[in-house]
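Hi,

Here is the structure I said I'd pass along. Have a look at it first, and then read on for what turned up.

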Amino acid sequence: MASIAARCLRVARPSAFSAIRKYTKEHEWIDLSADKKTGVLGISEYAAKALGDIVYVELPEEGRTVDAGDAIGAVESVKSAADINAPISCKITQINLALEEKPSTINQVAEDDSHGGGWIAKVEVSEQGIADLENLMDSDTYKEFIAAESE
């Protein structure tokens, strides 16, 4: 049986919606639209597997403007709890209300930004948010990061 770390190394591809997917060191992701004006964010598959069975999601407040690194919500599992941080500066425009009734969706499809996926929020991206992308990792760099973290 493969180790948990080895099974967690798969990183989802961005959807057709996005032109850019980036990750934080705290295991959040953001899919940015091609025009870099809107995006979708969530926690990585790696983080979801590390947390275990997610039983509660505290969703961010719609309309709230946040800076990169600000806590916008939290996830709780049978093992632990973790903050969800904004990967970039942005304004929360929509939240995934389905997670209130079925938080385990994150365990099943953590990096899916489609209807029924485990995404946390949809956002409007500020100019500072576009600049914040420089501090994030692309998919390949993130895979290397989690592999090193798992050792």
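A word on terms before the tour: helices (H or I, at least four residues) and strands (E, at least two) are DSSP runs, numbered from the N terminus. Counted that way, the chain has six helices and nine strands. Keep in mind that this is a predicted model, where local features need pLDDT of at least 70, side-chain atom pairs count only at pLDDT 80 or more, and totals for chains, interfaces and linings use all residues. Residues are numbered from 1 along each chain as its sequence is written, and side-chain values use heavy atoms, with hydrogens and water left out.

**The chain overall**

Of the 151 residues, 46% are buried (buried means under 20% relative accessible area, exposed over 50%, partly exposed in between, with a 1.4 Å probe and protein chains only). The accessible surface comes to about 7,800 Å², and carbon and sulfur atoms hold 47% of it; these areas come from the Shrake-Rupley method with a 1.4 Å probe, and for residues only the protein chains shown count as cover. As for contacts (heavy atoms within 4.5 Å), take those with a separation of 6 or more: 59% of them join residues 24 or more positions apart.

**The salt bridges**

This is the part I'd look at first. A salt bridge here is a side-chain nitrogen of Lys or Arg within 4 Å of a carboxyl oxygen of Asp or Glu, and the structure holds two. Arg21 meets Asp31 in a salt bridge at 2.4 Å, N to O. That pair links distant parts of the chain, with Arg21 in strand β1 (residues 18-23) and Asp31 in strand β2 (residues 28-33), ten residues apart. Arg21 also forms a salt bridge with Glu111, with 3.1 Å between the closest N and O atoms. Here the partners are 90 residues apart, since Glu111 sits in the loop between α4 (105-109) and β9 (121-125) while Arg21 is in β1. Together, Arg21, Asp31 and Glu111 are linked in a network of salt bridges. Are the three buried or exposed? Arg21 counts as buried because its relative accessible area is 6%, Asp31 is buried at 0%, and Glu111 is buried at 6%.

Next, find the open sheet of three strands, ordered β4-β6-β7 with antiparallel pairing (two strands pair if DSSP finds at least two bridges between them). Its edge strands are β4 (54-58) and β7, each pairing on one side only. β6 and β7 pair in the antiparallel sense over five bridges, and Val75 stands opposite Ala82 in β7.

Val78 is in the loop between β6 (71-77) and β7 (81-85), and it counts as exposed because its relative accessibility is 62%. With Val55 and Tyr56, Val78 makes a nonpolar surface patch of about 300 Å². Patches are made of residues with over 30% relative accessible area and no salt bridge, where like charges are joined within 9 Å and nonpolar side chains (Val, Leu, Ile, Met, Phe, Trp, Tyr) within 5 Å.

Which residues have a positive phi although they are not glycine? One is His27, at about 75 degrees, in the loop between β1 and β2; His27 is buried at 10% relative accessibility. Another is Lys36, at about 60 degrees, in the loop between β2 and β3 (38-43). Lys36 is partly exposed, with a relative accessible area of 33%.

Cheers
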